[in-house]
Amino acid sequence: MVHAVVLGAAGGIGQPVSLLLKTNPIITKLSLFDIVNTPGVAADLSHISTPAVVTGYLPPDDGLKKTLEGAEIVVIPAGVPRKPGINAGIVRDLATAIATTAPKAFILVISNPVNSTVPIVAEVLKKHNVYDPKRLFGVTTLDIVRASTFLAEVNGDVTAAPTVTVPVLGGHSGVTILPILSQAQPSLSKNLDQAAIEALTKRIQFGGDEVVKAKDGAGSATLSMAYAGAEFAAKILKAVKGEEVITQSYVSLDACTEGGKKVAQEIGTPLEFFSVSVKLGPNGIEKILPLGDLNEYEKGLLKAAIPELQESITKGVNFISTSKL
Ligand SMILES: NC(=O)c1ccc[n+]([C@@H]2O[C@H](COP(=O)([O-])OP(=O)(O)OC[C@H]3O[C@@H](n4cnc5c(N)ncnc54)[C@H](O)[C@@H]3O)[C@@H](O)[C@H]2O)c1
């Protein structure tokens, strides 16, 4: 019995992510919230012959509270693509509702800029005394998915993408995205020279721009993001059921004292949030794993990521300290 919620469920990501969650047989209740169109989305999905009972809510009549009652996992793709300032306020208000109605839920933040929206959610939860860093995640799975696909392409066999893994660390925008190709599995073929590695790194970091360009300004990644969001939600739910799951996500380094300290040492600068490899368990983050060996090029990427990450985290924290909650 799992109650999953999507906030922003009528959007470009919200609709397909809701569809994919509806097809996850572990989910028995799926509640959808948006400021528009959720009754239609819910009616449509409710005809699919999978276990989840789907309900759509709108803001009137305490719709957000009703959506969140008893929620165990909340996925947030609400917002406006590539309009970071607006999203900060939207995410703050949704986090406030989660803090008061479903404080124990796993929270999966998709709304960009993830580097700031995750600190925003954390600060709101702290103000309500319900913050559990083990249960708050910035969804960076799309970077991981892209890394697997693009590396498989470079290796000349895109059909192998599901078996290719590349840890992607750091943050979730541009230069803060750190694909650690030296740790790829299977390991990189010897004939991939440094120029090819750098081109592949850039493609993973700026993969979102390819989609924006191809959609000719009409939107950003929605379908691949929905796939990534649903995959990450499925990983959380597998861990809840007792399966061992290791993946990367943008999380608080306070989620695991020992592992967080080790990563902070590896980074060399105190950062509250970082995308790291985490071991997930029934209560969320069980362990933060070390970054591991980085080559000289990757060490340079890490160094270049830190100022932007630091600035984004501070922006998120300051946004809440100056907000009236
Ligand atoms: N994490 C990632 O990898 C990633 C990838 C792509 C896009 N994104 C981000 O995801 C977000 C959504 O993108 P999209 O393409 O689906 O946008 P969209 O505009 O198609 O959908 C956003 C939805 O949010 C809804 N919404 C707005 N304010 C709301 C509120 N207060 N409460 C509930 N719902 C609200 C809108 O009505 C809309 O249906 C954007 O912030 C985008 O930048 C993240």
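Modeller: Start in a loop. Asp 61 sits between strand E3 (53-57) and helix H3 (63-68). Helices here are DSSP runs of H or I with at least four residues, strands are runs of E with at least two, and both are numbered from the N terminus. Asp 61 is not a glycine, yet its phi is positive, at about 55°. Most residues other than glycine have a negative phi, and most peptide bonds are trans.

A word on the basis. The model is predicted: local features need pLDDT of at least 70, side-chain atom pairs count only at pLDDT 80 or more, and totals for chains, interfaces and linings use all residues. Residues are numbered from 1 along each chain as its sequence is written, and side-chain values use heavy atoms, with hydrogens and water left out.

One joins Asn 112 and Pro 113, with omega about -5°. Pro 113 falls between strand E5 (106-109) and helix H5 (114-127). The other runs from Gln 185 to Pro 186, where omega is near -10°. Pro 186 belongs to the loop between strand E8 (177-179) and helix H7 (194-205).

Now the domains. The assignment, automatic or from a database, gives domain 1 (2-138) and domain 2 (141-316). Their C-alpha centres are 23 Å apart. Domain 1 puts 32 residues into the contact and domain 2 puts in 41; contact means heavy atoms within 4.5 Å. An unreviewed UniProt entry places "domain: Lactate/malate dehydrogenase C-terminal" at residues 140-319. UniProt positions follow the numbering used here, names are shortened, and annotations may be inferred rather than shown by experiment. That stretch is 48% helix and 16% strand, and its end C-alpha atoms lie 22 Å apart.

On to the ligand. Its shell draws at least three residues from each of domain 1 and domain 2. A residue is near if one of its heavy atoms lies within 4 Å. There are 28 residues around the ligand, and Gly 12, Ile 13, Asp 34, Asn 87 and His 172 come nearest. Helix H4 (residues 84-101) gives the most to the shell, three residues. By class, the shell has 17 nonpolar, nine polar and two charged residues. Nonpolar means Ala, Val, Leu, Ile, Met, Phe, Trp, Tyr, Cys and Pro; charged means Asp, Glu, Lys and Arg; the others, Gly among them, are polar.

Next, polar contacts (pairs of N or O atoms within 3.5 Å). A polar side-chain atom of Asn 87 is 2.7 Å from a ligand oxygen. A polar backbone atom of Ile 13 lies 2.8 Å from an oxygen atom of the ligand. A polar backbone atom of Ile 110 is 3.1 Å from a ligand nitrogen. The protein covers 85% of the 860 Å² of accessible area that the ligand has on its own, by the Shrake-Rupley method with a 1.4 Å probe.

Methods: Polar contact = N/O pair within 3.5 Å; in protein donor to acceptor, adjacent residues only side chain to side chain.
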